[in-house]
Amino acid sequence: MDPIIKLCNVSKEFKVLNRHQGILGSVKDLFSRDYSIVNAVNNVNVEIMPGEVVGYLGPNGAGKSTTIKMMTGVLKPTSGEVLINGVDPFKSREKLAENIGVVFGQRTQLWWALPLIESFKVLKEMYFIDDDTYNTNLKLFNELVGVEKLYSKLVRQMSLGQRTLCDILAAFLHDPKVVFLDEPTIGLDVSMKAQIRELILTLNEKKNTTVILTTHDMGDVDALCKRIVIIDKGTQIYDDSIENLQGFFGKYRTLKLMISGEDYSDEEAMKKCAHDIEGIVKAEFPQAVSLTSAVDEHWIDLTINEEEAQLMKIMSFLNEKVKITDVKIQEISTENVIKGIYERRG
Amino acid sequence: MAVKKKSRLKRFFSLTKTGIIRALNFRGAFFIGLAGQIVFIIAIFFLWRAIYAASPTEVVNGMTFKDTLIYLVLANAIFNMTNVYIVYNICDDIQSGKIVLDLLKPVHYFLIRFGESCGMMMVQFIFSFIPSFIIIYFLSGQVINIGINLVFFFIGLVMASVINFCFNLCFACFCFYTESCWGIDTLKNCIVTLLSGAVIPIAFFPDWLKTIVSFLPFPAIFNAPLQMLLGDNTSFSTYGYYLLLQVFWMIIMLAVSLLLWNKSVKALTINGG
């Protein structure tokens, strides 16, 4: 099977005007030729198969949106080759548009002044959706989220959650081969997030749609993606399954300790205690360089990379040194791993 | 092939529908606009009555008071009909970045916005132009011909809408480079109302300005349909002349606006938004 999305050595440079400060500086900027080149995306290579859900992650300003824009054809790559469904998106944007769907979390593609069902009808004509497909899809949407209730509601009167839900449905309405979701759950409450994740997952399964998802919410990633690609400062730093992510960046686990004789209400004392413990552990296990300590309410957390030192050994060592009243062991979350990656590179 | 053609037309009508609903949504603006029209007619009436009263002859620059009044009211009605915030809306799309979503539709942006504008103009035609026409028709003592000239006028009005849209699109292109929607829209409105003869009839312009204006598309938007409606000699060669003039400007403006637009979009897509 051929990949539906193929990025080959894709780079994007922007010419940015170096702006000056103050009024005089602003006037100067009007005539300035003082540009610098910014590498927004650097040599990215990705291949995505039909039906995959891929999380595209990275800190703010990493180049995620730029890559998405190149994949959809609204930005022309400076160098490299992009192929979506076998066509160059920049050269044949309008042709490709029939095969892709897009949701940008903070904007809507629906018509503000129109009731939802009218927006859907316009999209039906725009994408030349035949009656059968249109009716089947509406029926499916209705089974999934009960969208019928919203048909006569004006888009501008919808809550953010309702609107996002409808935007996602609109993106899937013409049975696209690829759907790009740019931060679809931004600003939504917990239950709405869950509903939207469920919807995306079901639509992906039912229609075998390829989904590219960018997000800052690791809950989205855990719920939806089997594979993630991480980009930072324009460079791709990870492309593998989510299970391997933890192994790839070290086997981190968190040891949570409750120490007797500590005043839990005094945060300063707790921090000092955590620091002391980190000190004695590091003295005993000098190979555990990436060990960190933190305070979490009544608990003292030690995050340990098990490739450096075994958690069990550290625990039995500490048991001799300090009086431990209670213990918990926590697998590190995707969120913390990603956070670690961003910080390490920052 | 026939099937595809049909659905393309249907697609266009669905876009028009968005414009109609959008325009109808602003009920308040609607009635205020209508009231504004009436105030304008009253102001124009007294202003030009004073001008004609001060003049020693009844005919100034080949136009009687009635001619001037009819011309100005209808020119302004056309201006209001075609002024559906095209520049403002497009600039807003560009600035907010919403344009990206429209660029990702399988329909050219030109058609999306043109379809929508057509819908809005239809609403304006019915609720703004027709009332103005009826008021001025009776106010002027029913001197406007009612006959075949109405048909030609309507054809002229449709072409005027296309030319006007293209002209607006050209202006909207500036928005890719500057950062003010409101300023550009206001500037455009000033230029259009003055040079199109919607405030002062072109017959009153000094000769040098008349010459300049004759090289601009405005006479094709305002003067041409109005001459077809109000002209005394109903010869078909006159209609032919104005229609050809409009077709000429329509082709020029379509070419220029599409060229300029595609170039601006390219600048956006190469250097980012």
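# Close-up views of a two-chain model

**Figure 1. Where chain B meets chain A.** In this predicted model, 30 residues of chain B are in contact with 31 residues of chain A. About 2900 Å² of area is buried between chain B and chain A, and carbon and sulfur atoms give 65% of that area. Two salt bridges are counted between chain B and chain A. In one of these, the side chain of A:Glu118 meets that of B:Lys17, with N and O 3.0 Å apart. Five residue pairs are also in polar contact between chain B and chain A, with both residues at pLDDT 80 or more. Which elements of chain B each supply at least two residues of the side that touches chain A? They are helix H1 (2–25), helix H5 (99–103), H6 and H11 of chain B. The largest share, 11 residues, comes from H1(B).

**Figure 2. A closer look at A:Glu118.** Let us stay with A:Glu118, which joins B:Lys17 across the two chains in a salt bridge. Within chain A, A:Glu118 also forms a salt bridge with A:Lys121, and the closest N and O atoms are 3.8 Å apart. A:Glu118 and A:Lys121 are separated by about one helical turn, because they are three residues apart in helix H4 (residues 116–126) of chain A. Is A:Glu118 buried or exposed? A:Glu118 counts as buried, because its relative accessibility is 15%, and buried means under 20%. A:Lys121, at 36% relative accessibility, counts as partly exposed.

Figure 3. The side chains of B:Glu116 and B:Arg22 meet in a salt bridge, with N and O 2.9 Å apart. B:Glu116 lies in helix H6 and B:Arg22 in helix H1 of chain B, so this pair ties together parts that are 94 residues apart in sequence. B:Glu116 counts as buried at 2% relative accessibility, whereas B:Arg22 counts as partly exposed at 23%.

For a second salt bridge in chain B, look at B:Asp207 and B:Lys210, whose side chains meet at 3.9 Å, N to O. These two residues are three residues apart in helix H9 (residues 207–214) of chain B, so about one helical turn separates them. B:Asp207 is exposed, with a relative accessible area of 58%, while B:Lys210 counts as partly exposed at 31% relative accessibility. Salt bridges that share partners join B:Arg22, B:Asp93, B:Lys98, B:Asp102, B:Arg113 and B:Glu116 into one network. Over all chains, the structure holds 23 salt bridges.

**Figure 4. Rings side by side in chain B.** How many aromatic pairs does the structure hold over all chains? There are 25. Take B:Phe129 and B:Phe153: their ring centres are 5.7 Å apart and their planes are at 25°, so the pair is stacked. This pair links distant parts of the chain, with B:Phe129 in helix H6 (residues 109–139) and B:Phe153 in helix H7 (residues 148–173) of chain B, 24 residues apart. Both B:Phe129 and B:Phe153 are buried.

Another pair is B:Phe152 and B:Tyr239, which is stacked because the ring centres are 4.1 Å apart and the planes are at 10°. B:Phe152 lies in helix H7 and B:Tyr239 in helix H11 (residues 236–271) of chain B, so the pair ties together parts that are 87 residues apart in sequence. B:Phe152 and B:Tyr239 are both buried. Ring pairs also link B:Phe125, B:Phe129, B:Phe133, B:Tyr137, B:Phe138, B:Phe153 and B:Phe154 into a cluster.

**Figure 5. The surroundings of B:Ser117.** B:Ser117 is found in helix H6 of chain B. At 4% relative accessibility, B:Ser117 counts as buried. Which residues does B:Ser117 touch, not counting those up to four places away in sequence? They are B:Val84, B:Ile86 and B:Phe165.

**Figure 6. A charge over a ring in chain A.** Here A:Lys124 lies over the face of A:Tyr134, at 5.6 Å from the ring centre.

**Figure 7. Two positive phi values in chain A.** Most residues other than glycine have a negative phi. A:Asn9 has a positive phi, near 50°. A:Asn9 is found in strand E1 (residues 5–17) of chain A and is partly exposed, with a relative accessible area of 38%. Phi of A:Glu183 is positive too, near 50°. A:Glu183 lies in the loop between strand E6 (178–182) and helix H7 (190–207) of chain A. A:Glu183 is buried, with a relative accessible area of 19%.

Note on methods: Residues numbered from 1 in each chain as written. Chains lettered and ligands numbered in written order. Predicted model: local features only at pLDDT ≥ 70, side-chain atom pairs only at ≥ 80, totals over all residues. Heavy atoms only, no water. Helix = DSSP H or I, 4+ residues; strand = E, 2+ residues; numbered from the N terminus. Buried < 20%, exposed > 50% of the residue type's maximum accessible area, 1.4 Å probe, protein only. Phe/Tyr/Trp six-rings, centres within 6.5 Å; stacked < 30°, edge-to-face > 60°. Lys NZ or Arg CZ within 6 Å of the ring centre and 35° of its normal. Contact = heavy atoms within 4.5 Å. Buried area = accessible area lost by both parts, 1.4 Å probe. Salt bridge = Lys/Arg side-chain N within 4 Å of Asp/Glu carboxyl O. Polar contact = N/O pair within 3.5 Å; in protein donor to acceptor, adjacent residues only side chain to side chain.
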